[in-house]
Amino acid sequence: MTTQSFVIATHNPAKQREIGQILEFYDTRGIAYDQLTVRQEFPAEGKRSYEENATKKAQFISRLLPDQNVIADDSGLELKAFPQKFGIETARQLTPHFATKSDMNDGIIQLVNGHDRHFVMKTVIALARNGQVVQIAHGELSGTIATAQHGNEGSGFDRILIPNGLDHTLAEMDFASWVAYCHRSRAVKNLLDLMEETSK
């Protein structure tokens, strides 16, 4: 049986590595798009939806790499206490103001101190082939923002995200447990399930 493979359309090395590890966990394979073609300037991201942003990137790269399964994601942090902040613009709002991911995590902790700490992390993954969208997959994680950073695993917000029903962050989990909870891994699993369903 041939292993399913995907081209990952992102410039973020941590995201390339993370998606690649998730795909490997599910016995599939991922390769960064810039290992197959020259680095590109992606279309500008919009403010309307995660799906639109993921779709733009996936379609753009898939036109350059015919017959490849190209995936791109868009993710965001949504805070119950501050519904007008972040979301689709999470990275664009936070990145310019913090030198490191650790500083960013501390900034989120300080923001929610004294407020409702509930969050939702959302990911949408678009799969495109030859410039056409083939599948749209979704992943979501709900929980609370920790009062301090904990754990050494994962990346991004993992050190401050506590899933509902648990008392520890994503960054305190082993990889198999992390895959079960992480919003991005849930989106990958949803994509693989949708592809399997349509192939029957």
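Predicted model: local features only at pLDDT ≥ 70, side-chain atom pairs only at ≥ 80, totals over all residues.
User: Why is Thr-10 called buried, and where does Thr-10 lie?

Analyst: Thr-10 has a relative accessible area of 8%, and because buried means under 20%, the residue is called buried. Its place is in the loop between strand 1 (5–8) and helix 1 (13–25). Leaving out residues up to four places away in sequence, Thr-10 touches Lys-15, Gln-16, Tyr-33 and Phe-42.

User: What makes the approach of the Thr-10 side chain to Asn-12 a polar contact?

Analyst: The side chain of Thr-10 reaches the backbone nitrogen of Asn-12 at 3.1 Å, and the cut-off for such a pair of N or O atoms is within 3.5 Å.

User: Why is the pair of Phe-25 and Tyr-26 called edge-to-face?

Analyst: The structure holds five aromatic pairs. In the one formed by Phe-25 and Tyr-26, the centres are 5.2 Å apart and the planes stand at 90 degrees; because centres within 6.5 Å make a pair and planes over 60 degrees apart count as edge-to-face, the name follows. Phe-25, at 38% relative accessibility, counts as partly exposed, and Tyr-26, at 23%, also counts as partly exposed.

User: Why is the pair of Phe-175 and Trp-178 called stacked?

Analyst: The ring centres of Phe-175 and Trp-178 are 5.5 Å apart and their planes lie at 20 degrees, so the pair is stacked, the cut-off being under 30 degrees. Both residues lie in helix 5 (residues 175–181), three residues apart, about one turn of the helix. Phe-175 is partly exposed at 33%, whereas Trp-178, at 4%, counts as buried. Ring pairs link Phe-25, Tyr-26, Phe-175 and Trp-178 into a cluster.

User: How do you know that the span of helix 6 agrees with its number of residues?

Analyst: Helix 6 has 17 residues, which at 1.5 Å a residue should span 24 Å, and because the end C-alpha atoms are 24 Å apart, the two values agree. Among the buried residues of helix 6 are Ala-187, Val-188, Leu-191, Leu-192 and Met-195, and what covers the buried residues of this helix includes strand 1, helix 1, strand 3, strand 4, strand 5 and helix 5.

User: Which residues touch the most other members of the largest nonpolar core, and which element gives the most to this core?

Analyst: Of the 35 residues in the largest nonpolar core, Ile-71, Ile-145 and Phe-157 touch the most other members. Helix 6 gives the most to this core, with five residues. Leaving aside neighbours within four places in sequence, Ile-71 is in contact with residues including Phe-6, Ile-19, Leu-127 and Leu-191.

User: What makes Glu-52 and Arg-48 a salt bridge, and is each of them buried or exposed?

Analyst: The closest N and O atoms of Glu-52 and Arg-48 are 2.6 Å apart, and because the cut-off is within 4 Å, the pair is a salt bridge. Glu-52, at 19% relative accessibility, counts as buried, since the cut-off is under 20%; Arg-48, at 69%, is exposed.

User: How do you know that the salt bridge of Asp-116 and Lys-80 links distant parts of the chain?

Analyst: The side chains of Asp-116 and Lys-80 meet in a salt bridge at 4.0 Å, N to O. Asp-116 is in the loop between helix 4 and strand 4, Lys-80 is in the loop between strand 3 and helix 3 (90–94), and the two are 36 residues apart. Asp-116 is partly exposed at 30%, and Lys-80 is exposed at 59%.

Conventions: Residues numbered from 1 in each chain as written. Heavy atoms only, no water. Helix = DSSP H or I, 4+ residues; strand = E, 2+ residues; numbered from the N terminus. Buried < 20%, exposed > 50% of the residue type's maximum accessible area, 1.4 Å probe, protein only. Polar contact = N/O pair within 3.5 Å; in protein donor to acceptor, adjacent residues only side chain to side chain. Contact = heavy atoms within 4.5 Å. Phe/Tyr/Trp six-rings, centres within 6.5 Å; stacked < 30°, edge-to-face > 60°. Core = buried A, V, L, I, M, F, W, Y, C linked by side-chain atoms within 4.5 Å. Expected span 1.5 Å × (residues − 1).
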